[in-house]
Amino acid sequence: MKPFRTWLAAIIFIVSVTNFMSAQVHSLSFQILDNVTKSPMDNVQIILTPCSCGGVTDVNGEFKITLPEETYYAKVSFIGFKTLEKEVLLNQDKTLRLTLNEEQEQLSEIVLSAKRVSDRLETPQMGAVKMTAQELIKMPAAIGEVDLLRGMTLLPGVSNAGEISNGLSVRGGSLDQNLLLYDYAPVFNPTHLFGLFSVFTPEAISSTDLYRANIPARYGGRTTSVLDVKVKNPFVDKFKLRGGIGLVSSRLSLETPIIKDKLLLYAGTRAGFTDFLLPIVSKRLKKTKARFYDHTIKLLYLPTDKDQIAFTNFYSKDFYQLDLIAQIENVNAESNQYDFKTFNNTLNWTHSFTDNSSLRTVFLLSKYTPKTLFPERDNSNVIEYESQINYLSIFSEYERKLNDKVNYYAGIQGNKYNIKPGKLDPGRANSVLHVSLDEETSYELSAYSNVNWSPIKQLTVSGGLRLTNFTFVGPYTKATFDENTGEITSVYEFRKGDKVKTYNALEPRLGSNLKLGANTAIKLSYARLNQYLQNIYNATTPLPTSRWKTSDPNIKPQQSDTYSIGLYQNLQDNNLELSVEGYYRDTENNLTYKPGADFFLEEFLERDVVQARGKAYGIEFSLKKPNGKVNGWLNYTWSRSFLKTESVKLSDRVNNNLWYPSDFDRPHVFNGTVNFEGDKYNTLSFNFTAQTGRPYTVANGYFDLEGVDIPIFLERNNARLKTYHRLDLSWKVKYSKKLNKRWVGDWTFTIYNVYARKNQYNLYYTQRHGDANSNVFLGSPLGSYELTIMNSPIFALTYNFVFD
């Protein structure tokens with residue numbers, strides 16, 4: 001290459017000198033960048049006509065030549081990227097800064113038309129936080145790979161319950177108050193490996209929309225937020241292969257046409273086997289086992305240039321074992337094994353009438369089956385506890401753009417909920433009885449519409465309305481209880497299909513966006529939402545033993561009213577994005593457990609739960625630098641989240657009917673992410689997170705019962721764990737060009753919890769015996785001990801590749 005460059009430079013020099021002697025000359029400079037990473041590209045070939053001259057770019061992506069005044073045509077090319085052609089009138093010294101896009105398949109007209117329809121339909125309503133696949137790739141890798149849910153927790157107002165958590169808390173809401181959709185189908189447990197991974201494989205995702213305020217009318221069933229994850233459409237005309245091989249997990253995905261221009265396939269799978277790593281991370285995890293896998297398959301059929309039929313199948317399975325943290329009476333076990341799986345299917349037909357109108361009809365099935373296993377000591381018998389959620393839904397939605405100022409959509413949706421609350425199979429155990437709770441069935445019918453209107457250039461208004469009818473049907477046993485003793489006084493049996501209870505709701509949604517100049521905007525929003533499916537648990541994070549419950553005659557639907565205001569400004573020629581958002585949410589009928597409740601396999605759940613009022617409010621600050629060699633964001637949130645019961649009976653009151661912090665009350669949360677893209681080969685990312693410790697309950701006293709000291713709990717969440725903070729590191733090393741013309745690879749090295757912070761997961765109390773630790777606990781009969789899970793750094797190394 002060097003001799004070629006030398007000779008080429010010599011030829012260019014001779015031609016330039018000759019031309020300079022006969023005409024006026026000017027310098028022409030090029031800088032070539034990768035359109036995605038914005039990094040300089042070296043060895044890019046530049047050919048100029050009619051002089052038949054040119055050259056290649058250097059390590060800074062630059063090439064410079066001196067030529068006579070004339071009109072030239074530049075052809076810029078590099079293997080694996082689209083060739084770019086540019087006409088240049090060289091009448092003065094000029095510098096051209098050009099970007100190259102990766103080579104895309106020359107798709108047929110029918111496929112391109114289908115792709116345009118998909119892009120338009122997935123454009124989010126205002127007020128959403130949208131992440132594309134390209135933006136997800138730029139997020140700091142977590143334990144070897146980019147992870148969607150962990151990336152969401154870097155946003156203001158979004159957090160989780162700690163190291164081991166199976167979901168998101170958005171603006172102080174509980175985990176079950178978020179609707180998580182994967183190609184339209186709900187996911188009830190979205191995490192792997194104790195919450196360290198989400199079940200969403202990065203390669204399968206095309207876009208992600210998080211709605212926290214003005215939730216569009218097409219969504220219903222949750223009171224706090226919606227996370228809408230779309231699986232990519234395989235718009236390809238040749239085979240593509242992607243994957244990664246790592247210590248914690250490995251993955252593989254492919255895209256290929258099955259029938260050219262008609263039937264296209266995406267298939268991706270991932271698996272993790274970490275049993276050998278966990279004892280290295282912590283001695284506390286010596287007996288812990290964990291493994292998981294998931295897959296996503298999407299078939300896209302294009303019968304005409306106006307129709308798309310897509311089928312998506314998603315399957316996820318987890319197994320892990322922990323030291324005994326949940327017990328069942330008369331069960332002689334020393335560990336819990338959790339085996340849970342998700343099985344989703346989505347069938348989506350989209351018909352485009354014109355470029356501005358379309359009809360989309362979706363049928364979906366979502367099935368979630370959590371199972372808890374209790375291996376008995378000294379024998380091979382395993383006691384099994386299993387529950388299940390079966391969710392069926394069909395909706396049809398018409399969307400139309402009238403003009404540049406008005407667009408709207410309207411639709412109807414029908415849902416069926418079938419819940420199996422729990423079944424206990426003792427196997428060969430004689431001391432445990434077989435228990436099977438009755439199934440619960442409900443139906444939900446909704447109609448909705450939303451209009452976006454821009455009366456003037458600076459103002460956009462969005463108004464929506466959702467009308468919902470929810471019906472709980474039999475078989476169902478309705479019990480009447482004695483107000484003083486709580487004993488059952490009578491029961492009434494509803495037969496299968498009998499209407500037991502109906503709830504009707506009207507949910508208005510309103511949002512506005514006022515632009516104050518080119519770089520400033522103010523947004524206002526209001527949304528009312530109802531929730532008919534709820535999760536009840538009495539642990540920090542919902543384990544598979546938690547109870548899912550639809551509304552019935554005793555348990556009313558949750559309802560929330562959320563008000564938000566925000567100021568958004570772009571600074572320094574859009575290189576900095578600043579936002580400040582404030583919100584207030586008022587909720588009714590939040591489901592929580594009564595003092596001393598034990599609802600495991602309880603037939604009449606209403607005896608162990610109570611519904612409470614709730615309020616949450618806060619201010620979120622965000623500063624983002626999206627571009628440049630140093631990029632990232634800083635987020636700070638001040639917020640509060642409270643609950644309050646209004647029970648008449650003293651035994652049903654929580655915290656004596658006074659306001660108390662919810663499990664997800666975090667007054668202060670800070671997230672900072674910095675990416676250093678020093679050159680095209682290396683990207684170094686740091687992520688730091690810190691938040692106020694979660695609330696927990698401290699005993700107010702104790703009493704002696706036959707020689708055993710029993711703690712007395714009069715208040716709930718009256719203390720806090722220590723402040724949680726953690727630093728993560730990610731180092732990505734990539735190649736500068738494709739190997740063997742079709743293969744691209746990179747290495748990602750990550751460290752989770754760099755400085756080995758021993759964050760508290762929980763505090764627990766045990767009976768003290770003798771004088772052990774008397775210098776710490778003094779005369780207290782109870783000892784308090786802290787539990788930490790991830791108290792050491794977790795190292796991961798992953799090799800990622802693309803072949804096309």
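Arg-726 and Asp-728 are both buried, a class that requires under 20% relative accessible area, whereas exposed means over 50% and partly exposed lies in between (1.4 Å probe, protein chains only). Their side chains meet in a salt bridge at 2.9 Å, N to O, the term standing for a side-chain nitrogen of Lys or Arg within 4 Å of a carboxyl oxygen of Asp or Glu. This is a predicted model, in which local features need pLDDT of at least 70 and side-chain atom pairs count only at pLDDT 80 or more, while totals for chains, interfaces and linings use all residues. Residues are numbered from 1 along each chain as its sequence is written, and side-chain values use heavy atoms, with hydrogens and water left out.

By the salt-bridge rule the count comes to 26, among them the following pairs.

| Salt bridge | N to O distance |
|---|---|
| Arg-726 and Asp-728 | 2.9 Å |
| Lys-549 and Asp-552 | 2.7 Å |
| Lys-371 and Glu-386 | 3.6 Å |

Lys-371 belongs to strand β23 (residues 357-375) and Glu-386 to strand β24, so their pairing ties together parts that are 15 residues apart in sequence; strands are DSSP runs (E, at least two residues), numbered from the N terminus. Glu-386 counts as partly exposed, with 24% relative accessibility. By contrast, Asp-552 is buried at 1%, and Lys-549 is buried at 4%. Salt bridges with shared partners also join Arg-171, Arg-212, Glu-581 and Glu-620 into one network.

Strand β24 spans residues 382-401 and also holds Leu-392, which is partly exposed at 34% relative accessibility.

Note on methods
Helix = DSSP H or I, 4+ residues; strand = E, 2+ residues; numbered from the N terminus.
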